[in-house]
Amino acid sequence: MGKLRTIARRTFLIGSAAIAGGVAFGVWAYRRDVENPLLADLPEGAATLNPYVLIDADGITLITPRADVGQGAVSIQAHLLAEELDVDPSVVRTSFGPASSAYYNGKVSAEGFPLAAWDDGFVARTGRAASDVIGKFTGLHLTGGSTTVPDAYDKLRAAGASARETLKEAVAQRLGVERDALSTEDGHVIAPDGTRLPYTELAADAAALEPIEAPLRDPAQWRALGKPMRRTDIVAKSTGTARYGTDVTLPDMLHATVVTNPVLGGGMASMDVAEAEAMPGIVAIYAITDGAAVVADNTWRAIKAAQTIRFDWGPQDGPADNDGLWALHEAALDSGDRDSRFTDEGDVDAAPGTRLDTEYRVPFLHHAPLEPANATVLYTPERTQVWTAHQAPTFVAQQVAKVTGQDTEQVEVHNLQSGGSFGHRLEFLWVTQTAEIAMQHPGRPVRMTWSREQDMTHPFLRPMAIARGAGTTEGGQVRSLDLTIAAQSVAESQVGRLGFPVMGPDVAIVAAAWDAPYAIPDRRVTGVRVPATIPVSSWRSVGASHNGFFFETLLDELIHQAGADPVAERLRLLHHAPSRGVLEAAAEMASWDGPQPGPGRGRGVGFAFSFGVPCAQIVEVEQTDAGLRLTDVWIAAEVGRVLDPVNLDAQLSGGALFGLSHAMFSEITFADHAPEQWNYDGYEGMRQWQVPRVQVRGLGTTGDIRGAGEPGLPPAAPALGNAIFAATGQRLRQMPFARDVDFA
Amino acid sequence: MQVTVNGTSHQIEVEPDMPLLWLLRDELGILGPKYGCGIAACGACTVLLDGVAVRSCQVQAGDLDGAEVTTVEGLGTPEAPHPVQKAWIEEQVAQCGYCQSGQIMQAVDLLRTTPNPTDEDIDDAMSGNLCRCASYPRIRAAIRRAAQAEGA
Ligand code: FES
Ligand code: FES
């Protein structure tokens with residue numbers, strides 16, 4: 001491990017010099033000490049050893065800056081720190097810490113480079129390393145892209161180790177002994193005579209010392225990492241004592257809700273609030289950007305009054321409905337313009353064999369986390385405080401400062417855990433709306449909650465997309481594959497909402513398709529950018545969420561045409577050993593013996609390489625009188641070293657079931673410029689009685705450290721579609737599948 | 001109007017059409033029950049009303065006089081969890097956790113009427129409770145575990 005670290009670091013420096021090609025910022029930002037946000041309002045007598053560990057007389061706080069949206073981020077971050085620091089992660093406090101650029105996340109931008117994550121060549125490594133520098137420079141305090149663990153793995157353990165050794169050094173100097181003569185246990189330094197000195201008493205002494213850089217422990221010595229862990233939040237979440245943004249309660253707090261034009265930026269021409277104003281508990285109703293805010297003494301009273309307001313909305317440009325939106329995609333495909341073509345091997349146009357041409361479609365999807373969007377803001381002219389759950393808290397401060405006209409430093413963000421996100425908590429609209437409202441009530445906190453209806457009809461969507469596929473088969477083998485994917489650009493839409501332009505092609509449009517590690521002799525993947533209309537967003541696994549379906553369904557169709565076995569032909573084509581490993585494992589788990597295990601039953605294979613993780617899934621369905629029923633899902637993934645098998649299971653099975661649920665039932669459609677789905681009754685998902693048995697295996701054969709929140713999703717939909725084909729002979733080329741088949 | 005919540009009696013004056021959910025959350029500050037949909041489509045707001053699981057977003061304050069309400073907070077505490085909560089902890093069911101108060105209350109009701117539920121019983125009882133994180137397999141496992149613990 002030590003050697004790997006050194007190599008990585010050297011590559012990092014060399015790479016940054018070579019790739020940056022004169023961009024001095026990268027080097028300068030890397031060398032510069034990142035400002036330590038915790039020093040700013042540290043109480044007297046408290047020492048901060050680094051931005052991840054805070055120790056004072058009151059106790060130990062582990063700073064876990066990555067947002068917890070249900071993926072267990074707080075728990076794993078706390079365990080990484082605790083493993084080296086020698087404290088009990090379920091006893092010490094955890095805090096998301098302040099929003100700060102010190103908590104940059106280099107891994108997010110690293111995966112934005114069009115370098116296949118399975119490509120470990122020099123160019124790929126240096127490119128990724130250089131973007132680590134860029135991440136530091138731009139101060140991306142961000143949670144996303146399944147990067148929490150990869151990014152934190154070394155940083156947090158190093159922070160814990162440094163804190164531990166510095167505390168020991170304080171005791172060494174006090175007692176006049178060698179640091180090596182001391183040990184640590186459960187928040188104490190143990191002196192040679194057995195005396196236990198609590199860390200909390202050593203904080204002041206340790207603050208006066210130069211922090212010590214200590215080597216990391218050998219994984220063989222780990223006590224918690226690598227074994228089944230108990231999530232630090234599990235007791236609170238099982239006893240109703242966990243607190244979310246929607247539970248924020250402050251003295252003298254006002255409750256609010258908003259109703260806005262279904263078209264972002266469409267404005268509001270006029271509103272009739274006569275009925276609403278007369279309702280009980282209403283404090284104020286006024287216009288905000290694109291609509292109205294209702295402020296009351298109780299959330300329900302605000303929502304009820306808001307429902308009675310009659311609006312005359314402002315202009316609603318762009319296509320009004322789904323037909324118009326599909327037409328835009330078709331036009332983009334027909335235009336021949338392309339956004340990217342990262343893969344163009346052999347000659348697909350001249351490839352020999354029997355030809356197949358197909359087209360696939362996926363709908364818009366909403367993140368729809370169960371906790372509706374909400375924020376609490378306390379504004380005063382001097383300082384604004386924000387309580388909300390967000391994956392990019394530094395941007396929250398910037399966005400709120402824009403509304404209040406303050407400096408970013410005057411905005412303090414208290415980040416909270418979130419009742420789900422799936423990418424939703426990368427958006428800002430409800431936070432800036434709450435800031436607008438709070439400015440009308442200086443000195444009083446305002447908790448603003450979107451009604452489910454406002455939430456469902458003001459989504460930031462997973463793009464709808466069309467893929468045109470073609471390929472040839474010859475001699476029982478897949479010979480060529482040509483896939484062209486048309487979608488709006490998430491990066492353009494999402495980063496554009498922050499006011500930044502995005503240069504170059506959008507890798508997400510073709511993610512998990514252009515870099516699918518199959519050695520198909522003639523192969524081409526083309527991305528087509530559809531003009532921006534509806535706001536789109538990063539939805540769990542982003543582009544891979546549709547491309548897993550497009551690529552693996554096309555491949556499955558070709559394999560079927562070739563008369564080959566879905567597992568065997570994929571194994572023949574996969575050129576990446578861990579990818580073959582996961583497919584072999586899934587086949588073994590399922591006791592794979594072909595796609596038709598019995599009458600009325602079918603099995604389908606799905607594979608995707610996304611976020612650095614190869615994941616294979618096999619789904620089995622059976623036909624019943626009530627419709628198709630999912631019976632089993634077998635999932636195998638290679639995330640490298642498995643830090644917590646319990647959470648790996650939760651994340652991979654959760655990702656797969658989330659993918660299956662949407663593949664079966666969910667879509668957001670438009671009519672008259674607005675989403676047609678208003679609540680969960682219109683946006684159904686899988687329920688307990690539809691849930692198959694799920695088995696998960698993490699291979700753990702590589703030294704990588706990878707996140708598991710997203711890679712479980714992309715293989716699920718194609719595995720299901722391919723299983724339904726095996727069971728029924730019906731090929732599903734559009735989602736949701738319930739449009740074409742009945743599910744039990 | 002008088003309502004008993006988790007053993008404490010409250011005198012309450014609110015509009016008769018205020019849903020129990022919001023009476024609990026915004027008037028009494030009992031935050032375990034969650035708002036997810038407001039239309040009986042998600043189950044996040046589930047509480048026990050006179051011992052029976054109900055969607056608190058659908059129960060009106062005006063119908064509550066003399067009622068006994070139990071929320072997730074009334075089942076047990078972090079220090080002394082209820083057997084169902086204990087099973088939820090042991091199986092590590094929660095991901096984001098937002099649905100789990102409702103899931104637990106629904107499971108308590110199921111196990112009260114059906115101490116040894118079959119898979120089908122679990123399906124029937126639990127299918128009104130949405131979990132966007134898809135923790136469903138562990139919900140099933142936790143109900144089985146709680147049933148065994150109570151039977152033992
Ligand atoms: S909030 Fe009551 S069922 Fe959803
Ligand atoms: S645990 Fe997140 S909604 Fe159920």
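Two residues are in contact if their C-beta atoms, placed from the backbone, lie within 7 Å. The exercises below apply this criterion to a predicted model.

**Exercise 1. Overall make-up of chain A**

Determine what share of the contacts in chain A with a separation of 6 or more comes from residues 24 or more positions apart, and describe the secondary structure and burial of the chain.

*Solution.* 
1. Among contacts in chain A with a separation of 6 or more, 78% join residues 24 or more positions apart.
2. The secondary structure of this chain consists of 20 helices and 27 strands.
3. Chain A has 744 residues, of which 57% count as buried.

**Exercise 2. The surroundings of helix α10(A)**

State how many residues of helix α10 of chain A are buried, and identify the elements against which they pack.

*Solution.* 
1. A residue is buried if 20 or more other C-beta atoms lie within 10 Å of its own.
2. By this criterion, 8 of the 8 residues of α10(A), which spans residues 299-306, are buried, and the helix is mostly covered.
3. The buried set includes Trp300(A) and Ile303(A), and also Arg301(A) and Lys304(A).
4. Within chain A, the packing partners of these buried residues are β8 (254-260), α9 (274-277), β10 (282-288), β11 (291-296) and β18 (446-449).

**Exercise 3. The packing of α16(A) and α20(A)**

Characterise the geometry of the pair formed by helices α16 and α20 of chain A, and list the residues that make the contact.

*Solution.* 
1. Two packed helices are described by the angle between their axes and the distance between the axes.
2. For α16(A) (residues 544-562) and α20(A) (residues 716-728), the angle is about 35 degrees and the axes are 8 Å apart.
3. The crossing of α16(A) past α20(A) is right-handed.
4. From α16(A), the contact draws on Gly548(A), Phe549(A), Glu552(A), Thr553(A) and Asp556(A), while α20(A) supplies Ala717(A), Pro718(A), Gly721(A) and Asn722(A).
5. Classified by type, the contact of the two helices comprises 3 nonpolar, 4 polar and 2 charged residues.

**Exercise 4. The domain contact in chain B**

*Solution.* 
1. Domain 1 of chain B brings 15 residues to the contact and domain 2 brings 13.
2. The most, 3 residues, comes from β3(B).
3. This side of domain 1 of chain B has 10 nonpolar, 4 polar and 1 charged residues.

Note on methods. Residues numbered from 1 in each chain as written. Chains lettered and ligands numbered in written order. Predicted model: local features only at pLDDT ≥ 70, side-chain atom pairs only at ≥ 80, totals over all residues. Axes fitted to C-alpha atoms, helices over the stretch in contact; angles between N-to-C directions. Helix = DSSP H or I, 4+ residues; strand = E, 2+ residues; numbered from the N terminus. Left-handed = near helix turned anticlockwise from the far one by under 90°. Nonpolar A, V, L, I, M, F, W, Y, C, P; charged D, E, K, R; others polar. Buried ≥ 20, exposed ≤ 12 C-beta atoms within 10 Å, placed from the backbone.
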